[in-house]
Amino acid sequence: MNSLRDQFESSSNTENTNMNPITINTAENNNSNSNLNLTTTTTTTTTTTTVSSASSSPPSTLSRYENQKRRDWNTFGQYLRNHRPPLSLSICSGAHVLEFLRYLDQFGKTKVHTQLCPFFGLPNPPAPCPCPLRQAWGSLDALIGRLRAAFEENGGKPEANPFGARAVRLYLREVRESQAKARGISYEKKKRKRPLPRVQDPSQPATTTLPPSTNATSN
């Protein structure tokens, strides 16, 4: 019995001794796998960071003109939806644009004197008056320009653009002339002064450039 037990113990010790190198090798393999996993994880993290940085780059900002044009277009679209009956852009005409411009007058901040007002034609009235507030001609003119461009950018045809209708142009001209008279100001563009011709200093001798002689040319 003791011999069998000794043999079993010795065989067990031999098996344990033989297993030790396997255990060590396994540990080394685990370390190698860990290094491989660490490298892979680092590479994946770097790639993810690069993609995230590219995707999180700020979009190109629109200019002030583009932002204002977008707001004006949305305002006009809301006006068409709230119209009674509602209007679609396909049937919108110059008459509807004129209605829209008159609708905006209630939000105006420019004092336009009536002919019965004692301050009619004065650019700087000395006292307040009950004359109505209107949209300034310059604001309306710029608004129509932005809406005209937005209409074509959103698929509208230039020949069917209601903001370029003749009635709209005439209305803007009337507003400009009436406000110029009522406010005592001029909307005329300043003409550019032509440069004066250069005057030669009398103290300097006049220089004359002679054409090349015929003989020199023939030679």
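Modeller: Contact means heavy atoms within 4.5 Å. Helices (H or I, at least four residues) are DSSP runs, numbered from the N terminus. This is a predicted model, in which local features need pLDDT of at least 70, side-chain atom pairs count only at pLDDT 80 or more, and totals for chains, interfaces and linings use all residues. Residues are numbered from 1 along each chain as its sequence is written, and side-chain values use heavy atoms, with hydrogens and water left out.

Biologist: Which helices are included in what covers the buried residues of H2?

Modeller: Buried means under 20% relative accessible area, and exposed over 50% (1.4 Å probe, protein chains only). In H2, the buried residues are Lys-69, Asp-72, Trp-73, Phe-76, Gly-77, Tyr-79 and Leu-80. They lie on the same side of H2 because their arc, taken from the directions from the helix axis to the C-beta atoms, is only 155 degrees. Their cover includes helix H3 (94–104) and helix H4 (137–153).

Biologist: Which residues on the other side of H2 are exposed?

Modeller: Helix H2 spans residues 64–82. On its other side, the exposed residues are Arg-64 and Arg-81.

Biologist: Is Asp-72 buried or exposed?

Modeller: Asp-72 belongs to helix H2. Not counting residues up to four places away in sequence, Asp-72 touches Leu-143, Arg-146 and Leu-147. Because its relative accessibility is 10%, Asp-72 counts as buried.

How values were computed
Helix = DSSP H or I, 4+ residues; strand = E, 2+ residues; numbered from the N terminus. Expected span 1.5 Å × (residues − 1).
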